[in-house]
Amino acid sequence: FPIAPRARPSSLSSPSLEAATRPQMPLLTPRPLLAALVFAGAGPWCDWEGLAGVAGEEDCESKPGGCRCYYDALADNCPQSLGQDSQVMLCGCIYSDNTWLTVLSNFIAAFRGGAADRASLGSRFSVKLEGNGILSMDVGYTSRVQCGAALAQVYPGTSFEVSVEELHQFARNIFSGEVRQKLLDVCMPGRIALQLLCLHASLAVHDGAGAQAYAAQIANLFPLVEGCVQQQTPFSFPGLGEYLRAWRGVQLPAGGALDSGRVAELTWWPEPGLMRGKMPEESEVHYFPCVPLQDKACFPAGADNLFTSCENCCDPAKGPTGDASCFGGEWTFARCCRTPGGSGRFY
């Protein structure tokens, strides 16, 4: 899998998102995406940590957005400064081509099992060491996802640099069709899931620097979707906020290599019973007939045909057995779509 060592991270504001989805290795010093933003009330004179000490708040930096947002929740680029519609838009994804449904199915499988299951993830996802501290894995995305400390600064699977400021700018312009489309193409919950997979792939090879870099990026992004991911997406991240706080202040050994005991301490162990597909009463965007995918062969990732789209074929609105025109021969409704209690029909 070719790596372009001199590729430079792009901005989401670039004309084409699709053109930048090829896995690349960026420069270690990325180009700034946008002009620096001036935060209201956050000039150099404002000592937020000092203010925390005066106010008696012991750990405001662990709050979403840090001390600055703790004391001024509506300040620019603070999670709480976005309206409800903007937050929901940040949770938006395109599911019709099965890509994120496949990634989500693999994500659930990766984090639902115990220690023995975790040990087999390398073979399950065909992890390969690519050199220069980069590894790649097949987690159901449209191409192999590359991970490593040098790539933590970009959204996995793209060459776009992670930028909370840019996301806030987009979220405040959701009436623009182009902006809405780019946010859907990014799929923030899906990218966070990929970041978590990359974090744990780094832990699997005892790469503390890579794992720490991904933890830092997820800690920046997760507050933006934390308020909508449960009700507005099929993704689940139980206990993720607490897990990310545990990374604060982690000191890596010289060289960044972790021993097995430290790897175990830094591993995310969500409640297994919550790592599953959501039911209709749990989320407005649950996709319960497709999460996890009943049979991935029915609905390949990257499909561009409605008749191979789980979203379309397994839609209860099309009838008690979905869209009948999707099924025939070996590709049966019972094989391809999940139903309540395995009943073989939606209702």
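**Close-up views of a predicted model**

**View 1. The loop between helices H13 and H14, with Pro292.** In this predicted model, Pro292 is placed in the loop that runs between helix H13 (260-265) and helix H14 (310-313). The peptide bond that leads from Val291 into Pro292 is cis, its omega lying near -15°.

**View 2. Tyr287, a residue with positive phi.** Tyr287 also lies in the loop between H13 and H14, and its phi is near 55°, a positive value in a residue other than glycine. With a relative accessible area of 17%, Tyr287 falls under the 20% limit and therefore counts as buried.

**View 3. The surroundings of Thr308.** Thr308 is a further residue placed in the loop between H13 and H14, and its relative accessible area of 26% makes it partly exposed. When residues up to four places away in sequence are not counted, Thr308 touches Asn98, Cys298, Phe299, Pro300, Ala303 and Cys313. Thr308 and Cys326 are 18 residues apart along the chain, and their C-alpha atoms are separated by 7.1 Å.

**View 4. His206, between helices H9 and H10.** His206 is found in the loop between H9 and helix H10 (208-225), where its phi is positive, at about 65°, although the residue is not a glycine. The relative accessibility of His206 is 30%, which lies between the limits of 20% and 50%, so this residue counts as partly exposed.

**View 5. The largest nonpolar core.** The largest nonpolar core of the model has 84 residues, and those with the most contacts inside it are Phe107, Leu196, Phe237 and Leu240. Helix H9 (residues 188-204) supplies the largest share of this core, namely 10 residues. Phe237, one of the residues with the most contacts in the core, is in contact with Phe107, Pro189, Ile192, Ala193, Leu196, Phe222, Val229 and Trp268 once its neighbours within four places in sequence are left aside.

**View 6. Helix H4, span and burial.** Helix H4 comprises 14 residues (residues 99-112), and at 1.5 Å a residue these should span 20 Å, a value with which the distance of 20 Å between its end C-alpha atoms agrees. Of the 14 residues of H4, 13 are buried, so this helix is largely enclosed by the rest of the structure.

Notes
Residues numbered from 1 in each chain as written. Predicted model: local features only at pLDDT ≥ 70, side-chain atom pairs only at ≥ 80, totals over all residues. Heavy atoms only, no water. Core = buried A, V, L, I, M, F, W, Y, C linked by side-chain atoms within 4.5 Å. Buried < 20%, exposed > 50% of the residue type's maximum accessible area, 1.4 Å probe, protein only. Helix = DSSP H or I, 4+ residues; strand = E, 2+ residues; numbered from the N terminus. Contact = heavy atoms within 4.5 Å. Expected span 1.5 Å × (residues − 1).
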